[in-house]
Amino acid sequence: AATAELLSRRLGLVDDWFDGFHAFNLLLGALFVPVWFRFLLRHLGETEALLGVLLPFTAPRIVVELLANTKDFPLMVLFALSAVLFFDAWQRGSLAGMVGAGVLGGAALATKANALFLPPILLLVVLAARPPDPFTQRRDRLRLARALVAAAVAGAAVFLASWPYLWAAPVERLTRHFEYIAGQVGQVRPESLLSPLLAVLYTTPIPWLVLAALGLVPAVRGALRREALPLLVLAWVAVTLGRMYLPGAVNFDGVRHFLELFPALAILGAMGGAYAVRLLDRVRSRWPAIRAPERRAQRLLAVTVLLVAIVPQAWATVRSHPHQIAYWNALVGGTSGAFARGLPQAGDYWALGYRQGLAWLAEHAEPNSFLAVPVVEHAVLAVAQTRLRSDIGLLHTSVPVTPEIPPDVVDRVRRLGRERVVYVMFTIREDWTNELIEDCRARLSPIAEWSLDGAPLVQIYRYR
């Protein structure tokens, strides 16, 4: 709300309040990048630090969450910041740093309940890794235990203080909240569910997947030697993915419900990139035809690995804009392949493309016409004041949480379509459809369409 007030209403840097609200993510990302880079540089190296930053921030699915998701992207950043701050504080023996990490963890928990799984990750590292120098003695371990308790208390205090909803009846309302989370398995339709592992495999750019797989080699080797950072990465991946397979857990909307996995995947990818450089350098050193100074050759190999990893996914992000949310990699045949396989939320499931549709209507729609949006109508309502042409009447047809529309609404749109110019705009979600959408697709041809990889994402019909 503060960024919306400042950037939209006062400074006019963005054209509506809604975008100003989401601009908070840009500020949070700008804070995260240097902290994350310095952490990787300190513990791994220059190549790894560059890869660890560039892999997530050039990937289509991460970029779109940064631009359009004020819940899961902040959770990812706060989760990662808390984890690395705790790790560094533990390595240095800084009790204040660990409490500070607890504060950030509380902010992450106040954003989303996923942060409940942050303490198990950190505890696994503390228990399994060789203790750092400040905590090798028995009395030091007691200090560590007190720091862990203090961090947990600080996190809980921030969580409670930042959520006024809880203040009147903390136990009752917190219980209600977790009952809601546990009840998701009964609220999400089966056709909307997607395996978390398949979601990662199909929506993460292939170069990143390859580097992460390579990174498992040094990570597992380091974990077997009880090295702290490899243990942190492996525990982070295992707990974050593993919780998605707990009884009652559900997954939909691609990977956004466990977005905090990707900083750990970025570290694995960074480790894999450095490992690939070492392998390539070993091959080069045994190949008599390739002669070059050692240091220059290693730098050239590092740059090559960076370019091969980053350029394809950066291009995919640019090419798919503003439909990065519909990005699927070549393992599934791109977006058209995801539709062909019937994968849930294969397209623009958040209807981000409605902005393109509204711009088209502003230029082409007849005066005093009407618009019906039979699915995700609230995405238009949120920006209608600034993006829907003032003479176009928005017909209320749907509600946010269901694809169904009442029969009387369909009849009303049909009657109006006989007398006036009515446009119907919708995003294509095979798991979220209704009578009005099916009527358009069966009888009419779209007069405007936006697609990705040959798959239509958003369509506008002149309804007759």
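**View 1. Helices α14 and α15 cross in a left-handed sense.** The model shown here and in the other views is predicted. Helix α14 covers residues 228–243, and its axis lies 9 Å from that of α15 at an angle of about 145°. From α14, the residues V233, W236, V237, T240 and L241 take part in the contact. On the side of α15, they meet L261, P263, A264, I267 and L268. Sorted by class, this contact has 9 nonpolar residues and 1 polar residue, with no charged ones.

**View 2. Helix α4 and the helices that cover its buried residues.** Helix α4 runs over residues 46–57, which makes 12 residues. From its first C-alpha to its last, α4 reaches 17 Å, close to the 16 Å expected at 1.5 Å a residue. Which residues of α4 are buried? They are T47, E48, A49, L51, G52, V53, L55 and P56. Their cover includes α3 (24–43) and α5 (60–68). It also includes α13 (206–224), α15 (261–285) and α16 (294–320).

View 3. Helix α9 (residues 138–161) has 24 residues, which should span 34 Å at 1.5 Å a residue. The C-alpha atoms at its ends are 35 Å apart, in agreement with that expectation. The buried residues of α9 are D140, L144, A147, A151, A154, G155 and F159. Several of the steps along this list can be read with a general rule in mind. An α-helix has 3.6 residues a turn, so residues three or four places apart point the same way.

View 4. Is D72 buried or exposed? With a relative accessible area of 1%, D72 counts as buried, because buried means under 20%. Apart from neighbours within four places in sequence, D72 is in contact with K112, R256, H257 and L259. D411 has a relative accessible area of 36% and is partly exposed. From D411 to L31 the distance is 51 Å, C-alpha to C-alpha, and the two are 380 residues apart in sequence.

**View 5. An open sheet of 5 strands with mixed pairing.** The order of the strands across the sheet is β2-β1-β3-β5-β4. At the edges stand β2 (393–395) and β4 (448–452); each has a single partner strand, so one side of each is left without a neighbour in the sheet. Direction ignored, neighbouring strands are turned by 20° against each other on average. Helix α18 (residues 354–364) packs on this sheet and touches β1, β3 (422–427), β4 and β5 (455–463). The direction of α18 makes about 160° with that of β3.

**View 6. Parallel pairing of strand β1 with β2 and with β3.** As a general point, strands of a sheet pair through backbone hydrogen bonds, either parallel or antiparallel. Strand β1 consists of residues 370–372 and pairs with β2 in the parallel sense over 3 bridges. In this pairing, L371 stands opposite L394 in β2. The pairing of β1 with β3 is also parallel and has 3 bridges. There, A372 has V424 in β3 as its bridge partner.

**View 7. Strand β3 and its antiparallel neighbour β5.** How many residues of β3 are buried? The count is 6 of the 6, so β3 is largely enclosed by the rest of the structure. V422, V424 and F426 point one way from the strand, while Y423, M425 and T427 point the other way. Strands β3 and β5 are joined by 6 bridges. V422 stands opposite Y463 in β5, and T427 stands opposite V458 in β5.

**View 8. The hairpin of strands β4 and β5.** Between the two strands lie 2 residues, and D453 in the turn has a positive phi of about 55°. The pairing of β4 with β5 is antiparallel, over 5 bridges. E449 has Q459 in β5 as its bridge partner. In β5, 7 of the 9 residues are buried, so this strand is largely enclosed by the rest of the structure.

How values were computed:
Residues are numbered from 1 along each chain as its sequence is written. This is a predicted model: local features need pLDDT of at least 70, side-chain atom pairs count only at pLDDT 80 or more; totals for chains, interfaces and linings use all residues. Side-chain values use heavy atoms; hydrogens and water are left out. Two strands pair if DSSP finds at least two bridges between them. Helices (H or I, at least four residues) and strands (E, at least two) are DSSP runs, numbered from the N terminus. Axes are lines fitted to C-alpha atoms, for helices over the stretch in contact, and angles run from 0 to 180 degrees between N-to-C directions. Contact means heavy atoms within 4.5 Å. The expected span of a helix is 1.5 Å times one less than its number of residues. Buried means under 20% relative accessible area, exposed over 50%, partly exposed in between (1.4 Å probe, protein chains only). A crossing is left-handed if the near helix is turned anticlockwise from the far one by less than a right angle, and right-handed if clockwise. Ala, Val, Leu, Ile, Met, Phe, Trp, Tyr, Cys and Pro count as nonpolar, Asp, Glu, Lys and Arg as charged, and the others, Gly among them, as polar.
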